[in-house]
Amino acid sequence: MAQPQEAYATRNPNNIRTDVLAEARQACYKARDAFYACVEKETDKKPTEIASVGLLYPSDCKASRAEFEKLCRASWVNHFDRQYCKNRRVQRLLDDKESRRV
C-alpha cells in the first residue's frame, strides 16, 4: 500500500488511486487538527514562531506544525492558516462586541 505522501507523486496520471488520495487527505486533516489544537491549548504562552499569512504560534507546537506541513500540500496549509486567522479575528470581534454590551 502506498504511503499518503505518495498520493501527490503518482507516476501514472491515468491510474488515480482514490483510496490513497483519501488516506492522504485524512492524514492532512488529522495533522491540521493536531496543530491548531496545540495552538489553542498553548494560548497562554508567548508565540515565538511564525507561519504563513502571519500566523504566530508557540514553539511548543513546532513538531505538530512540521507534521502539518509535511502531510499537507503547501496551498492547503496556506488556506487553513488563512481560515484559522479569519475565524480567530471574527471570534475576537464577537467577544469584544459582547463585552461592550454588558
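Reader: In what order do the elements of the chain run from the N terminus on?

Author: This is a predicted model. From the N terminus, the order is α-β-β-α-α. That gives three helices and two strands.

Reader: Why is Glu-42 called buried?

Author: Buried means under 20% relative accessible area. Glu-42 has 10% relative accessibility, so Glu-42 counts as buried.

Reader: Where is the place of Glu-42, and which residues does Glu-42 touch, not counting those up to four places away in sequence?

Author: Glu-42 sits in the loop between α1 (18-41) and β1 (49-50). Leaving out residues up to four places away in sequence, Glu-42 touches Pro-58, Asp-60 and Cys-61.

Reader: Which residues of helix α2 are buried?

Author: In α2, residues 62-71, the buried ones are Ser-64, Arg-65, Phe-68 and Leu-71.

Reader: How do you know that the buried residues of α2 line one face of the helix?

Author: Look down the axis of α2. The buried residues fall within an arc of 140 degrees, so they line one face. On the other side of α2, Ala-63 and Lys-70 are exposed.

Reader: How many aromatic pairs does the structure hold?

Author: The structure holds nine aromatic pairs. One of them is formed by Phe-35 and Phe-68.

Reader: What makes the pair of Phe-35 and Phe-68 stacked?

Author: Two cut-offs decide. Ring centres must lie within 6.5 Å for a pair, and planes under 30 degrees apart count as stacked. The centres of Phe-35 and Phe-68 are 5.8 Å apart and the planes are at 15 degrees, so the pair is stacked. This pair links distant parts of the chain. Phe-35 belongs to helix α1 and Phe-68 to helix α2, 33 residues apart.

Reader: Why do Phe-35 and Phe-68 count as buried?

Author: The limit is under 20%. Phe-35 has a relative accessible area of 0%, so Phe-35 is buried. Phe-68 also has 0%, so Phe-68 is buried.

Reader: Which residues do ring pairs link into a cluster?

Author: The cluster consists of Tyr-29, Phe-35, Tyr-36, Tyr-57, Phe-68, Trp-76, Phe-80 and Tyr-84.

Reader: How do you know that Arg-65 and Arg-32 lie over rings, and over which ones?

Author: The distance limit is within 6 Å of the ring centre, and the direction must be within 35 degrees of the ring normal. Arg-65 lies over the face of Phe-35, at 5.0 Å from the ring centre. Arg-32 lies over the face of Phe-80, at 4.7 Å from the ring centre.

Key. Residues numbered from 1 in each chain as written. Predicted model: local features only at pLDDT ≥ 70, side-chain atom pairs only at ≥ 80, totals over all residues. Heavy atoms only, no water. Buried < 20%, exposed > 50% of the residue type's maximum accessible area, 1.4 Å probe, protein only. Arc of directions from axis to C-beta. Contact = heavy atoms within 4.5 Å. Phe/Tyr/Trp six-rings, centres within 6.5 Å; stacked < 30°, edge-to-face > 60°.
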